[in-house]
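Subject: Structure for your review

Dear colleague,

I would be grateful if you could look through it alongside the notes that come after it.

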Amino acid sequence: MRSASSAGRVDPRVWLLALGTFATGTDLFIVSGLLPAVGRDLHLSTALAGQTSTAFAATYAVGAPILAGLTARIRRKPLLVAVMLVFGLGNVLSAVSSNFTVLLISRMITGAGAALYSANASAVAARISPPEVRGRALAIVYAGMTSAIAFGVPIGNWIGELSSWRWAFGLVAFLAAVTVAGIQFFLPDVPTGPGATVRERMAAIRIPQAPTHLLVTALWTAGTFTVYTYLGSILEQITGLSAGQQSWVLLLFGVGSFGGVFVGGRLADRFGPVVGLTLTISALGVWLVVLTPAIHWPLAAAVAVGVWGLVHWPSFPLLLHRALGIGGDRGDMLLALNNSAVYVGQMAAAAVGGLLANAGMLRWNPLAGAGFELLAGLALVVSVGALRGRSRKRPVPAAASAEAKESSPALRG
């Protein structure tokens with residue numbers, strides 16, 4: 001039971017969970033700035049080096065629902081500690097990788113650890129927070145990720161420039177160790193969620209609106225990561241920036257992202273996820289079009305990348321909020337699938353971006369990203385339209401009715 005004084009306030013322990021997403025976010029995004037150095041050191045093409053992100057994403061996408069099912073009956077605190085340890089060890093292996101194969105294996109290990117941590121951290125944050133501030137609680141957890149873009153990634157890039165990209169992965173391993181200590185000493189134990197099997201968790205995809213929602217998530221992710229995965233190479237080859245200058249541009253993206261994720265949390269709590277997603281996905285698509293010519297000039301690229309972070313990240317807490325509303329009492333399961341959809345989108349982005357890079361067309365990556373955002377917007381329209389059509393024909397199942405109630409003012413408007 002929460003006290004009356006705590007009603008409507010975000011539980012401060014949510015910030016502890018954000019520490020872990022800071023570590024996983026640094027690991028996820030740090031590869032972009034290090035890609036040119038990794039490629040030179042291991043004698044890889046830009047496209048092949050970019051597939052290290054694919055290895056991380058593929059393991060995450062496949063592992064999130066499966067590992068969540070296999071660990072469903074483990075209490076949350078020891079589980080979070082264990083997966084952070086695995087994640088940290090994976091980054092140690094990345095740091096000492098001597099060839100492409102070892103690096104790929106290490107990225108798969110870190111992807112597995114990140115998959116379990118992110119799904120459980122967001123579910124625990126939602127469970128310990130009052131419903132009326134759930135959007136803000138989720139925004140705080142994933143503010144750890146955007147903080148990683150703002151601070152962890154530029155610091156890692158500077159470390160790579162001053163010494164080696166290997167020490168940048170060492171930084172992530174250190175962050176994982178700090179997270180383990182924080183969770184162990186300060187996070188109270190949290191009861192397990194539903195003890196669902198892997199099959200039951202995968203069955204969450206049959207919840208009304210779940211397939212189209214997951215498609216929106218994957219396409220939205222692909223839009224930005226078609227560019228971000230190869231941003232270091234774009235800034236080096238097209239904008240003409242040195243490694244040190246790239247770090248400052250990455251910092252601008254991170255600062256914009258940090259503000260953007262809180263904008264998304266506010267939009268979720270105030271207007272509901274449907275209105276928020278309509279606005280943010282549209283804005284992101286337009287800005288990726290603007291980014292296409294901007295990357296040819298250093299100052300324009302720096303400004304455009306900073307604004308890009310601001311318009312990209314508001315969608316993420318909105319997508320999580322909508323997944324919880326659609327999922328109802330199976331919201332935790334749908335969150336795991338939603339996280340998988342994020343990494344399916346990253347896989348698609350790495351593939352499309354790699355094809356453009358191999359063809360000598362890196363300058364068109366932002367325009368390809370805008371195309372993904374257009375598809376994401378269309379998928380959202382289909383998803384909301386299907387919900388309205390179903391509600392006219394017959395009573396809406398309990399899982400979907402939560403979203404219908406939340407989004408109905410927006411639909412009427």
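Predicted model: local features only at pLDDT ≥ 70, side-chain atom pairs only at ≥ 80, totals over all residues.

Overall composition

The secondary structure of the protein consists of 16 helices and zero strands. The protein has 413 residues, of which 58% count as buried.

Helices H8 and H13

Helix H8 covers residues 210-228 and helix H13 covers residues 315-327; their axes come within 11 Å and cross at roughly 170°. An angle over 145 degrees counts as roughly antiparallel, and H8 is therefore roughly antiparallel to H13. The crossing of H8 past H13 is left-handed. On the H8 side, the contact is formed by Ala210, His213, Val216, Thr217 and Trp220, while H13 contributes Ser315, Phe316, Leu319, Arg322, Ala323 and Ile326. Sorted by class, this contact of H8 with H13 comprises seven nonpolar, three polar and one charged residues.

Helices H9 and H10

For helix H9 (residues 231-239) and helix H10 (residues 243-271), the axes come within 10 Å and the crossing angle is roughly 130°. H9 is therefore oblique to H10. Here H9 passes H10 in a right-handed crossing. Leu231, Gly232, Leu235 and Glu236 of H9 meet Gln246, Val249 and Leu250 of H10. The contact of H9 with H10 has four nonpolar, two polar and one charged residues.

Within H9, the buried residues include Leu231, Gly232 and Leu235, which also take part in the contact with H10. Ser233, Ile234 and Thr239 of H9 are buried as well. Just after H9 comes Gly240, with a positive phi of about 80°.

Residue Ala112

Ala112 lies in helix H4, which spans residues 100-127. Its relative accessibility is 21%, so Ala112 counts as partly exposed; the limit for a buried residue is under 20%. Leaving aside residues up to four places away in sequence, Ala112 touches Thr59 and Leu67. Ala112 and Leu67 are separated by 45 residues in sequence, and their C-alpha atoms are 8.2 Å apart in space.

Yours sincerely

Note on methods:
Residues numbered from 1 in each chain as written. Heavy atoms only, no water. Axes fitted to C-alpha atoms, helices over the stretch in contact; angles between N-to-C directions. Helix = DSSP H or I, 4+ residues; strand = E, 2+ residues; numbered from the N terminus. Parallel < 35°, antiparallel > 145°, perpendicular 65-115°, else oblique. Left-handed = near helix turned anticlockwise from the far one by under 90°. Contact = heavy atoms within 4.5 Å. Nonpolar A, V, L, I, M, F, W, Y, C, P; charged D, E, K, R; others polar. Buried < 20%, exposed > 50% of the residue type's maximum accessible area, 1.4 Å probe, protein only.
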